[in-house]
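Thank you for making time for this at group meeting. Please have the sequence and the model open while I talk, and follow along residue by residue.

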Amino acid sequence: MPRVVIGPAVPDREALANEIACLRDLNVEGLRAKWHTAFRRRAPTHLPRHLLFHILAYRLQADRLGELDADSRRLLDRIGSRASDETDRLVNNRSRTELKPGTLLTREWGGHLQRVMVLADGFSWNGKTYPSLSKVAFAITGTRWSGPRFFGLDQSPSEVRP
């Protein structure tokens, strides 16, 4: 008889979404009761309803879908332990370093669409390889620019125009 291997259960995302929707409808006392069930202790009295809800919703998701990976936890720990300007630098630098080879950056300049390809060892524009985005921006404009700023990489998502 063939051996049957049972893998981990596939999370039911619809059931999870329904549970979170039910949490949304609870008042503070209902959320405190759910907290007691989930964490086996009383909810901190200083937590407002919205934080109780978010923490419980996170716990449900983490239990079903898994916790954050180690890199994300380390980043959040560093963000939580630093001043806000250091935090901004950490977050902004992280997003800049996540440009993967093959990513195409575009920017309209002088009425023409400029396309730059991210390479493993630099950036390609008009058949030439540059060591940095700032060098590409200089080649395009003839003036000194921050490359990430020129291509809109230093903006928060709310600042980016559609």
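What we are looking at is a predicted model, so local features need pLDDT of at least 70 and side-chain atom pairs count only at pLDDT 80 or more, while totals for chains, interfaces and linings use all residues. Residues are numbered from 1 along each chain as its sequence is written, and side-chain values use heavy atoms, with hydrogens and water left out.

Of the 162 residues in the protein, 22% are buried; here buried means under 20% relative accessible area, exposed means over 50%, and partly exposed lies in between, with a 1.4 Å probe and protein chains only. The secondary structure comes to seven helices and four strands, and along the sequence they follow the pattern α-α-α-α-α-β-β-β-β-α-α. These elements are DSSP runs numbered from the N terminus, with helices being H or I of at least four residues and strands being E of at least two.

Let me turn to the aromatic residues. A search of the whole structure finds six aromatic pairs, and a pair is counted if the ring centres of Phe, Tyr or Trp (its six-membered ring) lie within 6.5 Å, with planes under 30 degrees apart called stacked, over 60 edge-to-face and the rest tilted. Why is the pair of Trp109 and Trp145 edge-to-face? The ring centres are 5.9 Å apart and the planes stand at 85°, so the pair falls into that class. The two residues come from distant parts of the chain, 36 residues apart, with Trp109 in strand β1 (residues 104-109) and Trp145 in the loop between α6 (133-141) and α7 (147-150). Trp109 is partly exposed at a relative accessible area of 30%, and Trp145 is also partly exposed, at 29%. Ring pairs join Trp109, Trp145, Phe150 and Phe151 into a cluster.

Which ring does the charged end of Arg107 sit over, 5.7 Å from its centre? That ring belongs to Trp145, and Arg107 also lies over the face of Phe150, at 4.3 Å from the ring centre. For this label, NZ of Lys or CZ of Arg must be within 6 Å of the ring centre and within 35 degrees of the ring normal.

Now for the salt bridges, each being a side-chain nitrogen of Lys or Arg within 4 Å of a carboxyl oxygen of Asp or Glu. The whole structure holds four of them. In one, the side chains of Arg64 and Glu19 meet at 2.7 Å, N to O, which links helix α3 to helix α1 (residues 13-24) across 45 residues of chain. Asp63 pairs with Arg59, the closest N and O atoms being 3.1 Å apart, and because these two are four residues apart in helix α3, about one helical turn separates them. Asp71 and Arg74 form another salt bridge, at 2.5 Å between the closest N and O atoms, and both lie in helix α4 (residues 70-80), three residues apart.

Finally, look at the backbone of Arg40, which has a positive phi of about 60° although it is not a glycine. Arg40 is in the loop between α2 (28-39) and α3 (49-65), and at 74% relative accessibility Arg40 counts as exposed.
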